[in-house]
Amino acid sequence: MTPGIWRTVLIRCLALTLLVTPVVAVARPVGMAAPADRLAEGWWAARHAAILTLVATRPDPQVLLIGDSITNNYDKATPPDEDFAGTWAQFYAPRRAINLGFSGDTTANLLWRLDHGEVDGLNPRVAVVLIGTNDTGRAGRTAAQTEEGIDAVVADLSRRLPTTRILLLGLLPSAISPAKSAADAAVNAYLARRYAGDPRVAYLDVGSIFQASDGTLDTRLFYDPRLSWHGAALHPDTVGQRRMAEAIEPTLAALLGTPPRVALTAMTDVNTATVPVPWLERDSYDWYPRHRAVMGLHGMKPEVVLIGDSITHFWAGPPAAARVSGPQAWARVFGGMAVANLGFGWDRTQNVLWRLRSGEFDGMAPDWVVLNIGTNNLTGTTNARASTPAEVVAGVAAIVRDVKARSPHSRIALMAIFPRGDTATDPLRVTIARTNRLLADRFARDPAVRFIDIAGRFLRPDGTLDRALLPDGTHPDDAGYALWADALIAAGIGRGGHGTTATTSLR
């Protein structure tokens, strides 16, 4: 048969299929583009028909991958740039995954496919959704329209698959145009806020894995520029797609309740310190309630914002913490000022990035941001691998970029990581010292950042850790917090006034 006749047969077969496949219409946001098919494209009609046939067999997948060409590409095995079969075989085939990616699809096309049976009767544990780049791209839709479309997809999947967790991925970066990049960034910022703490939806932005060290797009991780027509970077190549699977894997495995397909310590191609994630250490800590409490501070217009981990959290200030270790030192440096404490126990740089992008810092615009983060990155657990010193610096740099983007006039006081380990030769002490040197070098010429290193003040003359200042080896007591307060006052922060903006080490 000629291609034209073959396409006609496919469409007629599909029409017969649809006669016995109920169309389940659902309520969708006002302004949302109507679901739209692409049945006039023979390959699209054939792929949809093949999926309906597969779904009718009730294949019992653990995972669905739903999206556009970036997901559809997992069907390709063309070396060197478009060979994705190995990644699929390692991460998704053992989970009986189904690929519901259609090249060129928008949210409207995906909604049509959901309406016409592609997930009917399935009960996966997780649906991984990556959709929207064609909305802001070839379809010319605005960020707001794309957000409505993605919301409609999430709502639709939630109704059709009531027991399925949704892993919603942010739009990947591209080099199509500055306008598209701006729209994609707006969409991702919206999704981060919209689904923060949602019990059904885990939002994950893995765009950082495609960035160079300076935060610009690394186009070498996309195959489009190497095509004969020199396309702009949009589709990850073999290496980029593998990195994306690795970046997704810890969150996907957690949602499935299974160990990662690849050990965390083996997934070193991705700097996890720059991939925003929420609560990692599943202990009794009230991470999400504290996030909601911080979101409730937005009306206070703080003069100073502290961002960090438990060392920051346990100092003092709002929102109130159950443990307060340095109230006198806090009163001495910040008494009478509006100060917000955005410290969270067990946080790493990736947790801070998630919190920033989920709205915690939005609208605050303080004179100073005091950042003390990174110590937990250097210790691995079953939930997150240990970061290298260079990775921690990249994570801190990403936080600094985010703070600057949200509050360009704020000055940043970056604290060197406080020492740990009782002796100078303790491996963690050595790693912290190396990280601090890299931090000092990285921000030495940044006029918006003042680097404050008081690590030496927590040590005795013989180099051992002073347990009178750090009783548990990590967290200061009031005397330890007094050292931090002194350093901030000396830098012109808090009651010390505005100070000068310069990169300085205080020892």
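Predicted model: local features only at pLDDT ≥ 70, side-chain atom pairs only at ≥ 80, totals over all residues.

Visitor: At what angle do α7 and α8 pack?
Guide: About 45°, with the axes 9 Å apart. Angles under 35 degrees would count as roughly parallel and 65 to 115 as roughly perpendicular, and α7 and α8 are therefore oblique to each other.

Visitor: Which residues make the contact?
Guide: From α7 (residues 143-160), you have Ala143, Thr146, Glu147, Ile150 and Asp151. On the α8 side, the contact uses Ala183, Ala186, Val187, Tyr190, Leu191 and Arg194. By class, that contact of α7 with α8 splits into 7 nonpolar, 1 polar and 3 charged residues.

Visitor: OK, over to α14 and α15. How do their axes cross?
Guide: At roughly 45°, coming within 9 Å. α14 passes α15 in a right-handed crossing. The α14 residues in contact are Pro389, Ala390, Val392, Val393, Val396, Ala397 and Arg401, and α15 brings Thr431, Arg434, Thr435, Leu438, Leu439 and Arg442.

Visitor: How many of those are charged?
Guide: 3 are charged, next to 8 nonpolar and 2 polar residues.

Visitor: Switching topic: what's the strand order in the open sheet?
Guide: The order is β4-β1-β5-β6-β7, 5 strands with parallel pairing. At the edges are β4 (98-101) and β7 (201-204); each has a single partner strand, so one side of each has no neighbour in the sheet. On average, neighbouring strands are turned by 20° against each other, direction ignored.

Visitor: And over how many bridges do β1 and β4 pair?
Guide: 4 bridges, in the parallel sense. One detail there: Gly67 has Gly101 of β4 as its bridge partner.

Visitor: Last one, α13. Is it buried or exposed?
Guide: Buried, for the most part: 8 of its 9 residues are, so α13 (residues 349-357) is largely enclosed by the rest of the structure. Among the buried residues are Gln350, Asn351, Trp354 and Arg355.

Visitor: What do the buried residues of α13 pack against?
Guide: They pack against β7, α10 (287-295), β8 (304-308), β9 (339-343) and α14. So β7, an edge strand of the sheet, and α14, which also crosses α15, both turn up again here.

Notes:
Residues numbered from 1 in each chain as written. Heavy atoms only, no water. Axes fitted to C-alpha atoms, helices over the stretch in contact; angles between N-to-C directions. Helix = DSSP H or I, 4+ residues; strand = E, 2+ residues; numbered from the N terminus. Left-handed = near helix turned anticlockwise from the far one by under 90°. Contact = heavy atoms within 4.5 Å. Nonpolar A, V, L, I, M, F, W, Y, C, P; charged D, E, K, R; others polar. Pairing = 2+ DSSP bridges. Buried < 20%, exposed > 50% of the residue type's maximum accessible area, 1.4 Å probe, protein only. Parallel < 35°, antiparallel > 145°, perpendicular 65-115°, else oblique.
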